[in-house]
Protein chains: 2
Amino acid sequence: MTERTERMTGPLSGFQQETLSADEIAAHAAVVGPLADSVRALIDAVIRTEVDDDEIRAATKEIEALTARLARRQMPGPYGVLVNEHGRSRAWGNAVMGLRNAIAPPVEIVHEPDGRVWAEFSLGAPYEGPAGLVHGGVSALILDQILGEAASAGGRPGMTGTLQLRYRKPTPLGRLYAEAKVERADGLKTIVRGTLSTSEHVCVEAEGIFVLPRWARELIEARGVGDA
Amino acid sequence: MTERTERMTGPLSGFQQETLSADEIAAHAAVVGPLADSVRALIDAVIRTEVDDDEIRAATKEIEALTARLARRQMPGPYGVLVNEHGRSRAWGNAVMGLRNAIAPPVEIVHEPDGRVWAEFSLGAPYEGPAGLVHGGVSALILDQILGEAASAGGRPGMTGTLQLRYRKPTPLGRLYAEAKVERADGLKTIVRGTLSTSEHVCVEAEGIFVLPRWARELIEARGVGDA
């Protein structure tokens with residue numbers, strides 16, 4: 001299925017208009033989701049494989065051929081962010097949450113009615129920094145996304161202005177939990193706090209300031225994309 | 001080629017002993033490096049492909065079969081960090097620099113005699129956050145690694161204690177430059193500063209505090225792994 005999109009102009013110039021219906025999006029996700037999942041497993045296998053050199057060379061050739069087949073018809077640039085008429089966005093290329101992005105674990109974020117957002121996920125070999133531990137920058141990557149989601153959930157989407165991370169304990173690879181909540185709004189700024197934890201203790205604390213970009217200010221003034 | 005390693009005990013318990021010679025490492029890199037590169041291109045193609053659903057389903061099956069072949073003989077866990085008798089480490093699974101890790105761009109870091117470390121690299125579709133821009137957390141991920149490398153280059157390897165990021169301008173996908181240098185040492189702490197830039201301006205500023213772990217303190221006291 002081709003995701004035909006049109007580049008939008010004006011305050012939403014960073015976005016593209018969503019042209020698929022909810023049913024079409026679900027049907028498409030059921031096809032491309034497993035493709036990205038298969039690449040996630042491949043990334044892990046490439047790090048850990050101990051098969052012999054001839055087998056590795058053969059696999060390399062096959063992967064190159066597969067890539068050529070998939071690239072025969074493709075978007076001209078990165079995936080971008082699609083927005084539908086209700087203002088809901090879809091970022092399947094996103095480095096943390098993207099359904100199509102094999103770099104993304106992916107992190108699926110749950111929104112609570114009180115504004116808190118959280119996610120539970122597993123990080124394996126591809127997210128390693130120190131031996132057996134999650135890369136400190138990977139913790140930062142995921143916390144940046146979760147904090148940004150909390151800001152958006154509070155009706156104040158924004159670009160990261162500052163991000164402060166405090167590493168309290170080493171973060172082991174495996175099952176992890178992240179959560180975030182808006183602490184307060186201050187003019188164009190939204191201050192958000194969050195944590196990354198194992199089931200036993202907090203490993204990383206984060207505080208971020210997210211700044212409302214012009215398109216979001218205009219969107220809020222217009223009370224939603226549909227009316228913009 | 002199998003990378004047989006033995007888990008080390010004592011102060012270096014987080015590491016494994018390197019058992020390959022420099023020549024063997026180079027020969028092995030020439031085989032597994034292209035494999036990881038092929039997966040990097042595949043990750044990009046999966047994000048951007050517009051081929052039809054049947055073709056995507058066929059590709060998914062082939063990737064699953066390739067993964068099974070590579071996983072037929074593999075390390076029991078994540079790649080870890082190997083250290084040779086000169087104290088040089090090799091982290092081919094690392095999320096930023098890992099030769100075997102398709103999530104890593106990879107960033108190849110250059111060490112200058114004055115202690116400054118830098119890297120030039122390109123970030124494409126898999127590193128997207130806001131449309132057309134590098135994910136703020138990806139900037140944090142790379143800066144954490146570069147700052148940590150600067151601390152290590154100064155003879156003071158450490159775990160990230162805190163990391164502060166200031167996002168001055170949106171970071172476009174494409175060619176980027178990062179650099180870092182130790183600002184000062186303070187007891188067990190090393191304070192490092194760095195930036196992420198386009199050819200025109202600084203996009204992100206970072207300051208990190210890296211804390212010498214016990215194994216590094218014992219290593220420094222013993223003047224190198226070989227004597228430890």
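These legends go with a set of close-up views of a predicted model.

**View 1. One chain on its own: chain A from end to end.**
Let's start with a single copy. Chain A holds 4 helices and 10 strands. Reading from the N terminus, the elements go β-β-α-α-β-β-β-β-α-β-β-β-β-α. The C-alpha trace of chain A spans about 60 × 45 × 25 Å along its principal axes.

**View 2. Two chains and the axis that relates them.**
Turn chain A by 180 degrees, with a shift of 0.0 Å along the axis, and it can be laid on chain B with an RMSD of 0.0 Å. That is how a two-fold axis relates its copies. Which residue of chain A comes closest to the rotation axis? It's Gln164(A), with its C-alpha at 2.2 Å. Both copies use the same surface, as 100% of the contact residues of chain A recur in chain B.

**View 3. The interface by area.**
An interface is often sized by the accessible area lost when the parts come together. Here chain A and chain B bury about 7700 Å² between them, and 61% of that is on carbon and sulfur atoms. If you want to pick out residues on the chain A side, go for Arg48(A), Glu50(A) and Leu70(A), which lose the most area to chain B. Together these three make up 10% of what that side buries. Counted by residues, the contact takes 83 from chain A and 83 from chain B.

Side chains of opposite charge can pair when their charged atoms come close. Across the interface of chain A and chain B, the rule finds 6 salt bridges. One of them joins the side chains of Glu55(A) and Arg69(B), at 3.0 Å from N to O. On the side of chain A that touches chain B, the elements giving two or more residues are α1 (22–48), α2 (53–70), α3 (136–153) and β7 (159–167) of chain A. The largest share, 15 residues, comes from α1(A). By residue type, that side of chain A divides into 44 nonpolar, 23 polar and 16 charged.

**View 5**
Zoom in on the β7 strands. β7(A) and β7 of chain B (residues 159–167) run antiparallel and are joined by 5 bridges. Which residue stands opposite Leu165(A) in β7(B)? That would be Leu163(B). The open sheet here has 12 strands, in the order β5(A)-β6(A)-β8(A)-β9(A)-β10(A)-β7(A)-β7(B)-β10(B)-β9(B)-β8(B)-β6(B)-β5(B), with antiparallel pairing. At the edges stand β5 (110–111) of chain A and β5 (110–111) of chain B, each with a single partner strand, so one side of each is left without a neighbour in the sheet.

**View 4. Pairings inside each chain's part of the sheet.**
Now for the pairings within a chain. In chain A, β7(A) pairs with strand β10 (residues 202–211) in the antiparallel sense over 8 bridges. Gln164(A) stands opposite Glu207(A) in β10(A), and Gln164(A) is also the residue of chain A that comes closest to the rotation axis. Over in chain B, 9 bridges join strand β8 (residues 174–186) to strand β9 (residues 189–197), and these two run antiparallel. Look there for Asp186(B), which stands opposite Lys189(B) in β9(B).

**View 5. A salt bridge within chain A.**
Over all chains, the salt-bridge count comes to 26 by this rule. One within chain A pairs Arg90(A) with Glu18(A), whose closest N and O atoms are 2.7 Å apart.

**View 6. Cis peptide bonds between prolines.**
Keep an eye on omega here. In chain A, a cis peptide bond joins Pro105(A) and Pro106(A), with omega about -15 degrees. Pro106(A) lies in the loop between β4 and β5 of chain A. In chain B, Pro105(B) and Pro106(B) are joined by a cis peptide bond, with omega about -15 degrees. The loop between β4 (89–90) and β5 of chain B is where to find Pro106(B).

Note on methods. Residues numbered from 1 in each chain as written. Chains lettered and ligands numbered in written order. Predicted model: local features only at pLDDT ≥ 70, side-chain atom pairs only at ≥ 80, totals over all residues. Heavy atoms only, no water. Least-squares fit on C-alpha atoms with pLDDT ≥ 70 in both. Contact = heavy atoms within 4.5 Å. Buried area = accessible area lost by both parts, 1.4 Å probe. Salt bridge = Lys/Arg side-chain N within 4 Å of Asp/Glu carboxyl O. Nonpolar A, V, L, I, M, F, W, Y, C, P; charged D, E, K, R; others polar. Pairing = 2+ DSSP bridges.
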